[in-house]
Amino acid sequence: MPIVSYAPIWRPIFVLVGIALVVFGDFRSRAFVFCTLVALGFSNLLVDPLKHAIARPRPKQVQTVRMIELQRTKPDFITVFKMPAVRYSTDAERSRAGASFPSGHVNNNTVIALCCTLFYRRWGKLYWIVTAAVAYSRIYLGAHWPSDVFATFFFAAGETLLVLGICELIWERLISRRLPELVARHPRLLPA
């Protein structure tokens, strides 16, 4: 479970896939990367202010929870081959951890999953397995309450649909005036 949640392992893979889609992909691939990055950027602008405004304590801040921590290595992916440390949270950690709601991990993966589903229908739905695994890992690791994870899912889905709707509106209203040939070939930014 800590490997599922440890972003430094997965970040290079996402970057390589994004670059490959932009370089070797078609219009839909490039639109997918653009819309996903815009939606992630917007949603990440909201996560930290919400965390500070709501200030809900994490499970390890209010009770003793089992914690599984990966060993830090360079490069980061080598941590997969190292034995994780299992311990229990201490009183000293109660003041160090950030707020629990919303979950940044669940937020980001829900945005990606929703964009994958909208752009790549059948194959895109497979990313929901990753999103579910990340969501479960955040609860399993004592980083978030189950209600944080479920609420973040709906929050992220709503903001993603809003951002994608705005992107489509900009495509239809502004880009169609500036690049009519491109819009004639691709009347919609999002797949119909």
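Is T131 buried or exposed? Select it and take a look, keeping in mind that this is a predicted model. T131 has a relative accessibility of 5%, and the cut-off for buried is under 20%, so T131 counts as buried. You'll find T131 in helix 6, which runs over residues 127-140.

Now show what surrounds T131. Setting aside neighbours within four places in sequence, T131 is in contact with N109, T110 and A113. Zoom in on N109: its backbone oxygen sits 3.0 Å from a polar atom of the T131 side chain.

Next, color helix 5, residues 104-124. Look for the kink of about 90° centred on L118. Then check the ends: helix 5 spans only 21 Å between its end C-alpha atoms, whereas a straight helix of 21 residues would span 30 Å.

Stay in helix 5 and pick V111. Beyond its neighbours within four places in sequence, V111 is in contact with T36, A39, L40, S43, A156 and T160. V111 also belongs to the largest nonpolar core, which has 21 residues; F32, C35, V111, F119 and L189 touch the most other members. Helix 3 (27-54), helix 5 and helix 7 (146-178) each supply at least two residues of this core.

Last stop: S100, in the loop between strand 2 (85-88) and helix 5. S100 has a relative accessible area of 0%, so it is buried. Show its contacts and you'll see K51, R56, P57, R58, P59, A143, H144, W145 and D148, not counting residues up to four places away in sequence. For a distance check, draw a line from S100 to T64: they are 36 residues apart in sequence and 15 Å apart in space, C-alpha to C-alpha.

Terms used
Residues are numbered from 1 along each chain as its sequence is written. This is a predicted model: local features need pLDDT of at least 70, side-chain atom pairs count only at pLDDT 80 or more; totals for chains, interfaces and linings use all residues. Side-chain values use heavy atoms; hydrogens and water are left out. Helices (H or I, at least four residues) and strands (E, at least two) are DSSP runs, numbered from the N terminus. Buried means under 20% relative accessible area, exposed over 50%, partly exposed in between (1.4 Å probe, protein chains only). A polar contact is a pair of N or O atoms within 3.5 Å; within protein, one must be able to donate a hydrogen and the other to accept it, and residues adjacent in sequence count only if both atoms are side-chain atoms. Contact means heavy atoms within 4.5 Å. A nonpolar core is a set of buried Ala, Val, Leu, Ile, Met, Phe, Trp, Tyr and Cys residues joined through side-chain atoms within 4.5 Å. The expected span of a helix is 1.5 Å times one less than its number of residues. The bend at a residue is the angle between axes fitted to the seven residues ending there and the seven starting there.
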